[in-house]
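Dear colleague,

I am pleased to hand over the structure shown here.

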Amino acid sequence: MPSTRQSIIATSALAIVVAAIAIFAAHPASAQTDYQPSSENLQARREFQDMKFGMFIHWGVYSVLGDGEWVLHNRKLKLDEYNRLPAFFDPEKFDAKTWVALAKAAGMKYITITSRHHDGFAMFDSKVSDWNIVQRTPYKKDPLKMLADECHRQGIKLFFYYSQLDWHNPDYYPRGATNWDNGRPDHGDFNAYLDTYMDGQLRELLTNYGPIGGIWFDGMWDKPDADWHLPKTYALIHELQPTALIIPNHHQTPRPGEDVQTFERDLPGENTAGFNTKYVSTKLPLESCDTLNDNWGFNIGDSNYKSPADVERRLVRAAGNNSNLLLNIGPYPNGEIDPQFATRLQAVGAWLSKYGDSIYGTRGGPVPPGDWGVTTQKDNQIYVHVLNWGAPLLALPPIASKVVGAHSMVDGASVEFTQNSDGLILKVPPAKKEEVDRVIVLTLAKGN
Ligand code: FHN
């Protein structure tokens, strides 16, 4: 007979094994822990890095109230109240063609749109629940389908933002840091929320909209210690569309199965926002998202727009930090995009039509970014982006390759330089009026 103590140990061990088997069966952790991205996925990552500039769109029933996408939470509304909102959402002016054309005119190569935000409201035709645009609004149509079709037509990649955090579904329980009493019961089945509701909607997004660029997750930060069944969800995504990139905005070090590291309102490695990790992956593509005014969703009281020059500088700094820039706009509830956004984006697009070669397809250059500016690199060319330098000479640290030529990108004029083992000195042309970025193109000796 085993002693009582041995029997307790044996029973506990058995319980652990059974639990472990159950957990592994339910969530094939090994599938993504040993995640080896497919060759198509790796190619998709490179293409993502090449695109450099994307349009972020926050649009949902919250737009009706003109008070940002957190209005449900910020006003501490009850769900009975918020449930009335979809009846007022009728975006009759929404035109996918105009939206995609604007992204293209801005020089943006991809769009990431909220398929649902923290209010859990699906902006697409979902059979998983009727809390969606087709069933609850007078519009009755699926704008994401129209957008996906138009993106495919115009050659723009489409990514779906998906909030894992849900302020509406009772099964999002136990609730997290953003909890308040909005009328939901104090019980719920989180596993069912993840496996049936969330994965069910992700399956819809990955099967009904043609090839998509990926899923941009947000909201895990609400319950950082919960088991989000990530291996299962990530495996599902990679199985349905191996080229769809998983971009998690959890503000943590990347986990197995994730394809891009993203940062919010900060460049990689910065943490002025207060919630970004300082860890920067050297393996994954990087992205930094920011707003064109101060809000993500439409906010009627926000006129604090960034200028085209601000955006251009941000984009250049992102590229110099080996990162993409995902720049947000919040369309009106009627589907129109505020001309304040549109005109600024068009100005950035005009700038990119001249300077795009120094951004698209590049990677962060060999010189560490500084207050003076950044470098980007493509093939045998280094682009020195001088953003903030008034002196006639700019001294850079040593560059491994031999520089055989230097010219100013804007007019092709040669730029004087000297290179030795101490570094590279460039004679910087004086800034022209309103010249945001003086780009000096260094040509490297081939085979270096
Ligand atoms: O809470 C959201 C916010 O509304 C917005 O969607 C941004 C976009 O990066 N992300 C969240 C906060 O991390």
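**Overall size and make-up**

The protein has 448 residues, for which a compact globule would have a radius of gyration near 22 Å; the value found here, 24 Å, agrees with that. The radius of gyration is taken over C-alpha atoms, and the globule rule is 2.2 Å times the number of residues to the power 0.38. Taken along the principal axes, the C-alpha atoms fill a box of roughly 85 × 65 × 35 Å.

Please note that this is a predicted model, in which local features need pLDDT of at least 70 and side-chain atom pairs count only at pLDDT 80 or more, while totals for chains, interfaces and linings use all residues. Residues are numbered from 1 along each chain as its sequence is written, and side-chain values use heavy atoms, with hydrogens and water left out.

The secondary structure comes to 12 helices and 16 strands. Helices (H or I, at least four residues) and strands (E, at least two) are DSSP runs, numbered from the N terminus.

Strands of a sheet pair through backbone hydrogen bonds, either parallel or antiparallel. Two strands are taken to pair if DSSP finds at least two bridges between them. Axes are lines fitted to C-alpha atoms, for helices over the stretch in contact, and angles run from 0 to 180 degrees between N-to-C directions.

Within this sheet, β2 (residues 110–116) and β3 (residues 157–163) pair in the parallel sense over six bridges. Tyr110 has Lys157 in β3 as its bridge partner.

Contact means heavy atoms within 4.5 Å.

**Two helix pairs**

The axes of α6 and α8 (residues 143–154) come within 9 Å and cross at roughly 45°. That angle makes α6 oblique to α8; angles under 35 degrees count as roughly parallel, over 145 as roughly antiparallel, 65 to 115 as roughly perpendicular and the rest as oblique. The crossing of α6 and α8 is right-handed. A crossing is called left-handed if the near helix is turned anticlockwise from the far one by less than a right angle, and right-handed if clockwise. On the α6 side, the residues in contact are Ala96, Lys97, Trp99, Val100, Ala101 and Lys104, and they meet Met146, Leu147, Glu150, Cys151 and Gln154 of α8. By class, this contact has seven nonpolar, one polar and three charged residues. Here Ala, Val, Leu, Ile, Met, Phe, Trp, Tyr, Cys and Pro count as nonpolar, Asp, Glu, Lys and Arg as charged, and the others, Gly among them, as polar.

Helices α9 (residues 190–207) and α10 (residues 230–240) pack at an angle of about 20°, with their axes 10 Å apart. They are therefore roughly parallel to each other, and their crossing is right-handed. Residues of α9 in this contact include Met198, Leu202 and Leu206, while those of α10 include Leu236, Ile237 and Leu240. The contact of α9 with α10 has six nonpolar, two polar and four charged residues.

**The three-stranded sheet**

Another open sheet has three strands in the order β12-β15-β14, with antiparallel pairing. Because β12 (393–396) and β14 (417–420) each have a single partner strand, one side of each is left without a neighbour in the sheet. Neighbouring strands of this sheet are turned by 10° against each other on average, direction ignored. Strands β12 and β15 (residues 423–427) pair in the antiparallel sense over four bridges, and Leu393 stands opposite Lys427 in β15.

**Two backbone details**

The peptide bond from Tyr173 to Pro174 is cis, with omega near 0°. Pro174 is placed in the loop between β3 and α9. Lys52, a residue other than glycine, has a positive phi near 65°, and Lys52 lies in the loop between α3 (39–51) and β1.

Yours sincerely
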